[in-house]
Amino acid sequence: MTDLKSQIEDFGRRARAAARVLARTSAEQKNQGLLAMADEIVAAGPSILEANAKDVTKATADGLAKAMIERLTLDAKKLKGMADGIREVAALPDPVGEVLRDWTRPNGLRISKVRVPIGVVGIIYESRPNVTSDAAVLCTKTGNATILRGGSESINSNIAIAAALSRGAARAGLPEDSVLLIPTTDREAVKHLCAMDKYLDVIVPRGGKGLIETVVSHARMPVIKHYDGICIIYVDKEADLAMAESIVINAKCQRPGVCNAIETVLVHRDIAHSFFGTTGRALLDGKVEIRGDERTRVALGDVVKAATPEDYRTEFLDLIIAAKVVDSVGEAIDHIEQNGSHHSDGIVTANEQTAERFLAEVDSATVYWNASTRFTDGGEFGFGAEIGISTDKLHARGPMALEELTTYKYLLRGTGQIRS
């Protein structure tokens, strides 16, 4: 029997060969492949849901956190959304081949900077089986082969989804090895994949901090990542309080288990009592546990737990929020810099000058003015889907989609020029 390391290396060789073919495949043929993938997801719906039910049953029996089970669970609506998302990506412009810059030197040498696929992309992820589809589709659209390694809790779902995608790709004439899923839950597979810099050009980990730290510590190729989603909203003294309530409730309560949900709310001292009298009560009515500083507790009473410094640096992924009263927008910005994760942060204010200062000085991947942080998502940005959200500063930042799955090369066309 082939050992795991050899199996992973075989995946790498096959993916590299597929990537070479995909790199020269036309946009039209890639789009036909995506549409066939969407059709296969629909056709395989019953078997995918059956596989997912096995994963959810086991996850529940194993006592996985509520947020993890929510991310894991599929239904007919989510499957339809998966297929619709694939079709949306097919309809988007293909970035591959785009000329980013073109110029001619004094000696007549013409230089073009052209967008090209990265090559082979490794995706290591936990819990969310929809990542199997999102990653495969975005990589295929951009001419990249992908090797997927999902979490053990979603292994049956991932295998079923990947099989449907592979059938669709092959039916449209794309390489059969365009999308490869590692079908084992052995954690050693992650280490073997991370060591395979001969075949993989980049790894994107999606999951908890522990997974990402493991990938970073073992990877021999570039890693694009974010560790935490400690997202923060600052409610300024000139905020519309009704708007602030709507935004804060949405950003915390709509889906508390996702990385773009807020974990902290900062409130200017001048409107603290009014804000907590309305939004604070609404949070409590929504079963949100508030952990606040002394001024927050004065405004809301003993129902608020005393916050510790660590609470302001915690990604709760639950109906828990840290609250703090601040004296100025400058203090709010400093708090975000010291305690946030540079993911998604926002301000609610009617003052444009204050907002523009916040937008300019907050060093996060996405910064909002008068909107919920829940929009940090490839689909909401109009990207069709996303490969992940990056808080890195090199190559990709924020929701990563088609453009972020490309790099560039220089093409030089001459007429016999030589360097003197």
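Colleague: What is the relative accessible area of R269?
Modeller: R269 has a relative accessible area of 47%, so it counts as partly exposed. Please bear in mind that this is a predicted model.

Colleague: With which residue does the side chain of R269 meet in a salt bridge?
Modeller: The partner is D327, and the N to O distance is 3.6 Å. The two residues lie 58 apart in the chain and link distant parts of it: R269 is in the loop between strand 8 and helix 11, while D327 is in the loop between strand 11 and helix 13 (329-339).

Colleague: And D327, what is its relative accessible area?
Modeller: D327 has 33%, and is therefore partly exposed.

Colleague: How many salt bridges does the whole structure have?
Modeller: The search finds 30. One of them pairs D39 with R87, at 3.2 Å from N to O. This pair also links distant parts of the chain, since D39 belongs to helix 2 (residues 27-43) and R87 to helix 5 (residues 76-91), 48 residues apart. D39 is partly exposed at 39% relative accessible area, and R87 is likewise partly exposed, at 31%.

Colleague: What about R206 and E386, are they buried or exposed?
Modeller: Both are buried. Their side chains form a salt bridge with an N to O distance of 3.7 Å. R206 sits in strand 6 (residues 202-206) and E386 in the loop between strand 13 (366-369) and strand 14 (388-390), so the pair, 180 residues apart, links distant parts of the chain.

Colleague: Back to the loop between strand 8 and helix 11: is I271 there buried or exposed?
Modeller: I271 counts as buried because its relative accessibility is 11%, and the cut-off for buried is under 20%. Setting aside neighbours within four places in sequence, I271 is in contact with V235, D236, K237 and L241.

Colleague: Changing topic to helix 10: how many residues does it have?
Modeller: Helix 10 covers residues 241-253, which is 13 residues, and reaches 17 Å from its first C-alpha to its last, close to the expected 18 Å.

Colleague: Which residues of helix 10 are buried?
Modeller: They are A244, I247, V248, A251 and K252. They cover an arc of only 115° around the axis, and therefore lie on the same side of helix 10.

Colleague: What covers them?
Modeller: The cover includes strand 7 (231-235), strand 8 (262-268), helix 11 (272-285), strand 11 (320-326) and strand 12 (344-348).

Colleague: Last topic: how many residues does the largest nonpolar core have?
Modeller: It has 68 residues, and I41, I123 and I147 have the most contacts inside it. Helix 1 (residues 4-23) gives the most to this core, with seven residues. Another core, of 25 residues, lies apart from it and has A272, V288, L300 and V304 among its members.

Colleague: Which residues does I41 touch?
Modeller: Not counting residues up to four places away in sequence, I41 touches I48, L79, M82, A83, I86, I161, A164 and L165.

How values were computed
Residues numbered from 1 in each chain as written. Predicted model: local features only at pLDDT ≥ 70, side-chain atom pairs only at ≥ 80, totals over all residues. Heavy atoms only, no water. Helix = DSSP H or I, 4+ residues; strand = E, 2+ residues; numbered from the N terminus. Expected span 1.5 Å × (residues − 1). Buried < 20%, exposed > 50% of the residue type's maximum accessible area, 1.4 Å probe, protein only. Arc of directions from axis to C-beta. Contact = heavy atoms within 4.5 Å. Core = buried A, V, L, I, M, F, W, Y, C linked by side-chain atoms within 4.5 Å. Salt bridge = Lys/Arg side-chain N within 4 Å of Asp/Glu carboxyl O.
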